[in-house]
Amino acid sequence: MKQLLNQVFSMTKHLVRLILPLVMIILASSLVATPALATGVYDMPNLTPGSTWVVDKGEVISLSNEGKISSALEDLAKQTGNEVRIVTVRRLDYGETPESFTKSLFEKWFPTKEQRANQSILMIDTVTNGTAIISGDKVKSLMPEAIANSIATETLAEPLRNGNKYNQAFLDASDRLVAVLSGQPDPGPPQIAEIQVEGTFKKAEETENIKGNATAWVVGLLIAATVIPMATYYIYLVIQPSSGGQ
């Protein structure tokens with residue numbers, strides 16, 4: 001019996017040596033996951049003129065709707081010279097706001113005043129659903145500040161307050177942007193309606209659930225690594241005297 005317990009105790013110590021590195025790896029991964037999701041301007045790709053219209057870093061627009069939006073914005077650029085980019089990010093760097101991020105990205109993609117004149121960027125941070133829009137000087141004659149803000153805070157944001165309908169939000173926003181920048185009357189904020197969208201994608205709350213599951217695994221492994229050796233050693237101490245007396 002004593003020999004059996006010694007073998008069990010030895011195997012338990014070996015198991016702990018195997019588990020602890022795994023626990024540390026999982027713990028480190030869960031701690032690193034949050035900042036890894038943050039996006040700064042330096043993480044954004046360089047703009048390819050005439051071909052990049054939607055940069056969906058937040059992964060909230062279905063491929064089908066991304067194609068529709070890109071096609072509409074490309075036609076707008078060809079017909080009027082006014083260009084719009086749609087940008088989504090999952091999480092902003094610490095201290096960054098949608099407005100400061102969009103301004104910095106605008107300056108990165110369009111370094112000179114002349115390049116910015118006919119450009120617009122509509123952006124959203126999908127963790128907070130914070131929105132921002134920025135436009136060049138020539139665009140403002142067609143889209144005054146009041147309309148631009150309405151597109152960002154009403155047309156884009158309102159569907160998100162009623163179920164995170166990102167596809168509907170961006171389809172409505174692109175339709176309104178195309179109308180306004182084509183010189184047509186502003187249709188104003190649309191009525192919110194249910195639409196069916198294709199594809200599946202992870203939402204921000206799903207990402208939080210994954211992080212929560214990882215934390216639960218870490219806690220469970222830590223408890224197992226602590227309790228198993230203690231229980232084995234306790235049994236060893238209890239049985240050892242009787243084993244020695246036989």
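**Entry 1**

I began with Asn164, which counts as partly exposed because its relative accessibility is 24%. My cut-offs: buried is under 20% relative accessible area, exposed is over 50%, and partly exposed is in between, with a 1.4 Å probe and protein chains only. Asn164 sits in the loop between helix 6 (158-161) and helix 7. Its phi is positive, about 55°, although Asn164 is not a glycine. I noted the background too: most residues other than glycine have a negative phi.

Before going on, I wrote down what I'm looking at: a predicted model, where local features need pLDDT of at least 70, side-chain atom pairs count only at pLDDT 80 or more, and totals for chains, interfaces and linings use all residues. Residues are numbered from 1 along each chain as its sequence is written, and side-chain values use heavy atoms, with hydrogens and water left out.

**Entry 1: the whole chain**

Which secondary structure does the chain have? I found 8 helices and 6 strands; these are DSSP runs numbered from the N terminus, helices being H or I with at least four residues and strands E with at least two. In sequence order the pattern reads α-β-β-α-β-β-α-α-β-β-α-α-α-α. Of the 246 residues, 39% are buried. I also looked at contacts, meaning heavy atoms within 4.5 Å. Among those with a separation of 6 or more, 69% are between residues 24 or more positions apart.

**Entry 2: helix 7**

Helix 7 covers residues 166-181. I checked its length: at 1.5 Å a residue its 16 residues should span 22 Å, and the end C-alpha atoms are 22 Å apart, so the two agree. The expected span is 1.5 Å times one less than the number of residues. The helix is mostly covered, with 14 of its 16 residues buried. Ser174 lies in it and is buried, at 2% relative accessibility. From Ser174 to Thr155, 19 residues apart along the chain, I get 9.4 Å between C-alpha atoms. After the helix comes Gly183, with a positive phi near 85°.

**Entry 3: salt bridges**

How many salt bridges does a search of the whole structure find? It finds 6, each being a side-chain nitrogen of Lys or Arg within 4 Å of a carboxyl oxygen of Asp or Glu.

- Asp186 pairs with Arg176, the closest N and O atoms being 2.8 Å apart. This pair links distant parts of the chain, with Asp186 in the loop between helix 7 and helix 8 (204-245) and Arg176 in helix 7, 10 residues apart. Arg176 is buried at 3%, while Asp186 is partly exposed at 33%.
- Glu158 pairs with Arg161, with closest N and O atoms 2.6 Å apart. They are 3 residues apart in helix 6, so about one helical turn separates them. Arg161 is exposed at 54%; Glu158 is partly exposed at 30%.
- Lys78 pairs with Glu74 at 3.5 Å between the closest N and O atoms. Being 4 residues apart in helix 2, they are also separated by about one helical turn. Lys78 is exposed at 64%, and Glu74 is partly exposed at 28%.

Asp56 is in strand 2 (residues 54-56). What I did find is that the Asp56 side chain reaches the backbone nitrogen of Glu59 at 3.0 Å. A polar atom of that side chain also lies 3.1 Å from the backbone nitrogen of Ile61. Glu59 sits in the loop between strand 2 and helix 2 (63-80), and its phi is positive too, near 55°.

**Entry 4: two last stops**

Is Ala152 buried or exposed? Ala152, in helix 5 (residues 145-155), is buried, with a relative accessible area of 2%. Beyond its neighbours within four places in sequence, its contacts include Leu122 and Ala157.

Asn46 is in the loop between strand 1 (38-39) and strand 2, and counts as exposed at 63%. Leaving out residues up to four places away in sequence, Asn46 touches Lys108 and Trp109.

How values were computed. A polar contact is a pair of N or O atoms within 3.5 Å; within protein, one must be able to donate a hydrogen and the other to accept it, and residues adjacent in sequence count only if both atoms are side-chain atoms.
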